[in-house]
Amino acid sequence: MKTVKIYDTTLRDGTQAEDVNFSVEDKIRVAQKLDELGVHYIEGGWPASNPTDERFFKEIHHYALKNAKITAFGSTHAVSKNADNDPNLKSLIASGVDVITIFGKTWDIHVKEALKTTLEKNLELIKNSLLFLRPKVKELFFDAEHFFDGFKENKEYTLACLKKALEGKADVLVLCDTNGGTTPSEIRQIIREVKKELPHANLGIHAHNDSELAVANSIIAVEEGAIQVQGTINGYGERCGNANLCSIIPNLQLKLGYACLPEDNLRLLTSTSLFVSEVANLPSFHRQPFVGKSAFAHKGGVHVSAVRKNPRTYEHIKPELVGNKQRILLSDLAGQSNILFKARQYGFHLDKNDPFVLELLAKLKELESQGYEYTAAEASFELLLNRVLGRARTYFTLENYRVLETKRKKEEPISEATVMVRVGGMLEHTAATGKGPVNALDNALRKALEKFYPCLKEMHLIDFKVRVFSSLNRDLAGTASKVRVLIESGDPKHRWITVGVSFNIIEASRQALEDSLNYKLFKSDQEKLTKALKEASEGF
Ligand SMILES: CC(=O)SCCNC(=O)CCNC(=O)[C@H](O)C(C)(C)COP(=O)(O)OP(=O)(O)OC[C@H]1O[C@@H](n2cnc3c(N)ncnc32)[C@H](O)[C@@H]1OP(=O)(O)O
Ligand SMILES: CC(=O)C(=O)O
């Protein structure tokens with residue numbers, strides 16, 4: 001099998017993204033995760049850059065990594081210094097790693113305008129910096145910054161830079177599309193020309209995503225013989241980001257037959273992607289290929305009908321190969337197949353054209369046209385399904401409610417709710433205060449219900465999300481807009497999400513709250529029934 005080395009730079013170029021910042025502890029956790037995934041190299045940072053990176057290199061030696069080698073990154077030595085008195089090169093050695101990568105200028109405008117030196121002097125910088133580092137490390141890589149832009153304008157000079165890097169004894173010459181503006185056909189053609197000039201050089205690729213081509217460019221470079229691919233998890237990186245390893249690795253491994261990760265480790269890809277976004281405190285990108293939540297989510301009725309017969313009809317790979325999973329969504333684009341699939345998840349084996357299925361589908365489409373959304377609010381959907389099938393009890397009826405907000409000068413607002421609830425033949429009338437109107441309503445409802453249903457004491461609200469629907473009708477826009485409220489609740493064993501929709505935020509919250517309480521009671525009944533059936537069967 002062909003092999004390619006994966007060089008992860010999430011901890012260096014990834015942190016050059018405007019919204020990515022890692023502490024030392026974050027970097028260590030990410031490095032451990034990347035090692036578990038099985039990448040070959042983890043670029044830990046630029047030790048001369050900041051105290052976090054410096055400390056990372058001190059700390060990471062205490063962790064035994066199974067697969068990956070830690071690399072330190074820096075530049076060629078400063079124009080005003082020599083290699084042996086350059087603080088940046090010294091700090092690379094002080095980092096104590098066995099693998100160092102330095103970047104050097106290879107585009108003539110950068111040499112003249114950014115470095116403010118001569119083309120000849122820059123060639124010396126490249127060779128002397130590498131020769132100085134060579135005896136001190138096991139592996140030495142040269143990142144040829146702006147290589148493709150340089151090549152298009154002054155081919156001879158970029159090639160001269162690569163030759164100097166070979167004289168400096170770099171193991172791999174990593175060709176960088178630093179500005180991310182090169183197209184796949186240019187990458188192919190330029191690499192072919194480089195290989196004619198330097199047939200024995202080991203090449204690598206480092207692509208940026210400014211033209212949304214970084215993954216394609218990296219893959220083409222590998223097809224043209226690059227033995228090392230640099231990139232980041234989730235494509236984090238400077239400007240529009242770096243080449244996304246979460247796409248490059250599965251494409252190379254599953255489609256082009258390259259071994260990138262140790263056997264079976266590809267299934268860790270989705271969890272690694274989520275882990276890194278969690279540590280970076282960034283929302284995960286649902287539409288991200290391979291590892292995103294939506295990567296194998298099917299919504300349209302035609303799609304669902306087909307994937308239920310054979311997943312290959314709308315899935316380019318088996319989601320499990322990358323640790324992801326198929327999801328069937330409920331929406332107004334749903335057909336009967338979506339409903340049948342979901343019903344089966346809840347233990348109902350219904351048939352197409354069953355009157356219940358048609359009724360549920362019609363109800364679902366009507367509710368979704370009003371703004372209800374069941375993709376996330378699966379508890380509300382399960383209740384709806386059971387109600388249509390006549391399987392859910394009416395635990396209580398909220399006859400009426402009132403919520404009052406009072407704000408006196410300088411004092412925090414006071415929220416107060418009263419409710420009138422019917423449980424069987426009993427009418428309960430209670431009042432409660434709360435930290436805000438929804439909390440007050442929640443407290444009043446529980447106060448009325450807990451004496452009938454003590455299990456409600458175990459549940460609590462975890463999250464509350466409000467989404468405003470904008471309307472083109474000016475009378476229904478701005479503060480007059482419709483809102484959708486999603487409430488996440490939990491008890492010691494489960495978490496569930498319910499939905500409510502209204503022009504009035506309190507009313508939308510009331511619906512989601514009521515569904516949440518009903519769901520808890522419904523589940524508690526189901527658990528009691530399962531237990532009773534088990535005991536009865538054991539008695540026989
Ligand atoms: C393409 C890339 O992504 S390369 C990586 C880019 N990453 C970063 O820049 C993040 C880390 N950087 C840093 O912390 C700082 O920039 C440091 C510590 C490296 C340098 O800080 P300072 O000394 O204050 O310099 P400053 O950041 O203002 O400018 C960069 C200097 O490096 C020089 N430089 C840039 N590339 C190279 C190179 N390959 N070789 C030698 N010097 C270089 C620039 O000419 C400039 O020098 P000047 O100040 O004499 O004009
Ligand atoms: C080295 C590097 O990060 C680049 O050229 O983009």
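Guide: Helices here are DSSP runs of H or I with at least four residues, strands are runs of E with at least two, and both are numbered from the N terminus. The structure to which these terms apply is a predicted model.

Visitor: What percentages of helix and strand does the span of residues 4–267 hold?
Guide: In the UniProt record, an unreviewed entry, residues 4–267 carry the annotation "domain: Pyruvate carboxyltransferase". The end C-alpha atoms of this span lie 18 Å apart. Its content is 42% helix and 18% strand.

Visitor: How far apart do the C-alpha centres of domain 1 and domain 3 lie?
Guide: The protein chain is divided into domain 1 (2–279), domain 2 (297–369) and domain 3 (397–536). Between the C-alpha centres of domain 1 and domain 3, the distance is 53 Å.

Visitor: Which element gives the largest share of the shell around ligand 1?
Guide: Ligand 1 is surrounded by 18 residues, and the closest are Trp 46, Ser 49, Ser 75, Thr 76 and Leu 115. By class, this shell has 7 nonpolar, 7 polar and 4 charged residues. At least two residues of the shell come from each of β5 (99–105) and α4 (108–115). The largest share, 3 residues, is supplied by β5.

Visitor: How many nonpolar, polar and charged residues make up the shell around ligand 2?
Guide: Around ligand 2 stand Asp 13, Phe 103, Asp 143, Glu 145, Cys 176, Thr 178, His 206 and His 208. Sorted by class, the shell holds 2 nonpolar, 3 polar and 3 charged residues.

Visitor: In the hairpin of β14 and β15, which residue takes a positive phi?
Guide: Strand β14 (residues 414–423) pairs with β15 in the antiparallel sense over 9 bridges. The hairpin has 2 residues between the strands, and a positive phi near 60 degrees is taken by Gly 424.

Visitor: Which strands are the edge strands, pairing on one side only?
Guide: A further open sheet is formed by 3 strands in the order β16-β17-β18, and the pairing is antiparallel. Its twist averages 15 degrees from one strand to the next. The strands that pair on one side only are β16 (460–469) and β18 (495–502).

Visitor: Which residue of β18 is the bridge partner of Leu 486?
Guide: Strand β17 (residues 482–490) runs antiparallel to β18 and is joined to it by 8 bridges. In β18, the residue bridged to Leu 486 is Val 499.

Visitor: Which helix lies across β16, β17 and β18?
Guide: The helix in question spans residues 505–539. It runs at about 145 degrees to β18. Its name is α17.

Terms used: Residues numbered from 1 in each chain as written. Chains lettered and ligands numbered in written order. Predicted model: local features only at pLDDT ≥ 70, side-chain atom pairs only at ≥ 80, totals over all residues. Near = placed C-beta within 6 Å. Nonpolar A, V, L, I, M, F, W, Y, C, P; charged D, E, K, R; others polar. Domains from an automatic or database assignment. Pairing = 2+ DSSP bridges. UniProt positions renumbered as here; feature names shortened; annotations may be inferred. Axes fitted to C-alpha atoms, helices over the stretch in contact; angles between N-to-C directions. Contact = placed C-beta atoms within 7 Å.
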